[in-house]
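Please keep the sequence and the structure in view while reading.

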Amino acid sequence: MPAFMIHRLRRILGVLLVCALAPLQAVAASPGQDRVLIIVSGEGRDQGKTRPGFEMDELAQAWHVFRDNGLAVDIASPRGGKVEADRFDPEEPFNARLLADPEAVEKLASTRATSSLQAEDYAAVYVVGGKGAMFDLPEDQALRSLLAGVYERGGVVAAVCHGPAALVDVRLQDGRLLVEGRRVTGFSNEEESVFGKKWAKQFRFLIEDAMRERGALWEEAPLMMPKLVVDGRLITGQNPYSSAAVAEAVVRATGRTPVARTPWRDEATMALVQRLLQGEDGSVRSELAADTARFHPELIGLLGYYQLQVAAGDDAVRDALAIMQLAQSHMLAPQLEVGIAEAQWRLGDAGQARQRLAKVLATHPELDEARTLQAKMEQ
């Protein structure tokens with residue numbers, strides 16, 4: 001992807017503008033009007049193997065959006081000091097760019113402790129997800145106070161994926177919960193059931209359950225599809241694929257128009273899938289075939305495969321099948337063929353399903369997914 005130009009334009013703000021035609025709210029000018037705070041979990045150990053940490057993709061994308069739009073950025077964690085991300089792809093362009101940025105690397109090596117920060121220093125706070133966020137962020141009283149303070153001073157509070165865990169117990173000065181009666185999203189129960197098996201049993205709560213219990217108005221997209229929710233100065237995103245949208249919503253809420261940029265590969269991939277599901281089958285297939293490197297075919301295949309696992313009706317199964325078939329000619333994986341066979345079987349096309357499964361078993365006779373599906377079909 002092309003390099004981004006770094007813009008250092010500074011504006012004097014009289015108000016915070018909220019995206020999607022949200023109401024305007026006056027904000028007093030302050031030294032922090034051009035500064036954003038990124039919060040990350042400090043739990044991470046051994047790239048998430050022995051203790052989960054934060055998601056680098058969610059941090060890197062937001063860092064670039066903020067810096068490219070003229071915002072200064074600090075990074076903090078509950079204890080401060082060096083923090084560790086879960087396993088990530090360092091060659092993904094947004095991660096590679098962040099790792100080549102001395103300022104970002106230094107701030108990750110010496111994050112500020114949340115207890116040392118003042119709300120008046122920040123126009124916005126953005127809370128990064130990752131499973132580590134479920135452990136230390138909700139328990140950090142200093143962070144809860146900081147989030148409440150930023151919000152009550154007219155600032156923006158944003159979080160993505162597991163980051164909204166930090167918001168569930170934030171109380172404002174009048175005693176109300178920040179999320180009560182507010183539209184929010186975050187990593188859903190459905191997503192947790194598929195991707196949270198290792199750590200979820202240790203969580204004090206699931207985000208969706210906690211938000212509903214506290215009177216929040218929960219919203220979600222199908223599994224792992226992007227979802228941005230803006231409720232005034234409260235901005236949330238459902239999963240990692242919502243990160244850039246959340247960051248740009250924060251930029252808008254600070255009175256800026258986000259600079260034009262080329263969407264990152266995962267963003268372009270998810271937008272392609274959304275167009276497919278809206279009926280643009282032919283044009284989507286042509287676009288993917290013409291410039292495969294611009295997209296992430298493996299992500300498309302995995303998205304369809306996992307959506308099939310949670311599909312509750314024929315329409316959802318058809319969507320999952322369409323997504324898997326989009327990836328099929330670009331992703332050589334026997335598990336994808338098994339997923340397509342299962343979708344065909346569930347939709348009543350047993351003949352096609354059996355033929356496809358037989359081909360998989362002929363070349364991969366020990367594949368667990370194939371043998372499991374075969375057993376289901378023989379019942």
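Leu59 touches Ile38, Val40, Phe54, Ile75, Leu98, Leu108 and Val128 when residues up to four places away in sequence are not counted, a contact being heavy atoms within 4.5 Å. Together with Ile38 and Phe66, Leu59 touches the most other members of the largest nonpolar core, which has 108 residues. Such a core is a set of buried Ala, Val, Leu, Ile, Met, Phe, Trp, Tyr and Cys residues joined through side-chain atoms within 4.5 Å. Apart from this core lies another, of 10 residues, including Leu357, Val360, Ala370 and Met377.

The model is predicted, so local features need a pLDDT of at least 70 and side-chain atom pairs count only at pLDDT 80 or more, whereas totals for chains, interfaces and linings use all residues. Residues are numbered from 1 along each chain as its sequence is written, and side-chain values use heavy atoms, with hydrogens and water left out. The mean pLDDT (the predictor's confidence in each residue, from 0 to 100) of the protein chain is 92, and 92% of its residues reach 70 or more. Over residues 1-31, however, the pLDDT is below 50, although this stretch has 67 contacts in the model beyond near neighbours in sequence.

Helices (H or I, at least four residues) and strands (E, at least two) are DSSP runs numbered from the N terminus.

Leu367 sits in the loop between helix 13 (350-363) and helix 14 (368-378), and is buried, with a relative accessible area of 12%. Leaving aside neighbours within four places in sequence, Leu367 is in contact with Pro334, Gln335, Val338 and Val360. The C-alpha atoms of Leu367 and Gly81, which are 286 residues apart along the chain, are separated by 45 Å.

Definitions and conventions: Buried < 20%, exposed > 50% of the residue type's maximum accessible area, 1.4 Å probe, protein only.
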